[in-house]
Amino acid sequence: SDMARRDRREVTNRLILLLAHLLKWERQPDHRTRSWELTIREQREELQDLLESGTLHNHAEQELYKAFEKAVRRVAVETELPESAFPAECPFTLDSILAG
């Protein structure tokens, strides 16, 4: 259904956004802002709500690595750091991302 597709896309987009902020938080501790912190908290809460659906939870597990690659590309552009400055493999589990 369209709604299921929309929900999956929302989960993926929020995962990318959350992962991007977690990467920036780790890689640029001197640039940390309240805004980053709030984004991390907000995306976590929204994802936790969405992932109460087992189907979406499975989708998030499947998308995690692809979302991580996209987050790395995004953060590399934002920070002007090379992609090689970031882990090649996703160092997070879904649970660790959500729990914080």
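Student: Where does glycine 100 lie?

Tutor: In this predicted model, glycine 100 is in the segment after helix H4 (94–99).

Student: Is glycine 100 buried or exposed?

Tutor: The cut-off for exposed is over 50% relative accessible area. Glycine 100 counts as exposed because its relative accessibility is 74%.

Student: Alanine 71 lies in which helix, and is it buried or exposed?

Tutor: Alanine 71 belongs to helix H3. Buried means under 20% relative accessible area, and alanine 71 is buried because its value is 0%.

Student: Which residues does alanine 71 touch, not counting those up to four places away in sequence?

Tutor: With those left out, alanine 71 touches Ile16, Leu19, Ala20 and Leu23.

Student: How do the axes of helix H1 and helix H3 cross?

Tutor: A helix pair is read from the approach of the axes, the angle and the handedness. For H1 (residues 2–27) and H3 (residues 54–79), the axes come within 7 Å and cross at roughly 45°. H1 is therefore oblique to H3. The H1 and H3 crossing is right-handed. By class, their contact has 15 nonpolar, three polar and seven charged residues.

Student: What is the handedness of the crossing of H1 and H2, and at what angle do their axes cross?

Tutor: The crossing of H1 with H2 is left-handed. The axes of H1 and helix H2 (residues 34–50) come within 9 Å and cross at roughly 145°.

Student: Which residues of H1 and H2 meet?

Tutor: From H1, the residues include Leu17, Leu18, His21 and Trp25. From H2, they include Trp36, Thr39, Ile40 and Leu47. The residues of the H1 contact with H2 divide into 10 nonpolar, three polar and six charged.

Student: Is histidine 21 buried or exposed?

Tutor: Histidine 21, a residue of helix H1, is buried because its relative accessible area is 9%.

Note on methods:
Residues are numbered from 1 along each chain as its sequence is written. This is a predicted model: local features need pLDDT of at least 70, side-chain atom pairs count only at pLDDT 80 or more; totals for chains, interfaces and linings use all residues. Side-chain values use heavy atoms; hydrogens and water are left out. Axes are lines fitted to C-alpha atoms, for helices over the stretch in contact, and angles run from 0 to 180 degrees between N-to-C directions. Helices (H or I, at least four residues) and strands (E, at least two) are DSSP runs, numbered from the N terminus. Angles under 35 degrees count as roughly parallel, over 145 as roughly antiparallel, 65 to 115 as roughly perpendicular and the rest as oblique. A crossing is left-handed if the near helix is turned anticlockwise from the far one by less than a right angle, and right-handed if clockwise. Ala, Val, Leu, Ile, Met, Phe, Trp, Tyr, Cys and Pro count as nonpolar, Asp, Glu, Lys and Arg as charged, and the others, Gly among them, as polar. Buried means under 20% relative accessible area, exposed over 50%, partly exposed in between (1.4 Å probe, protein chains only). Contact means heavy atoms within 4.5 Å.
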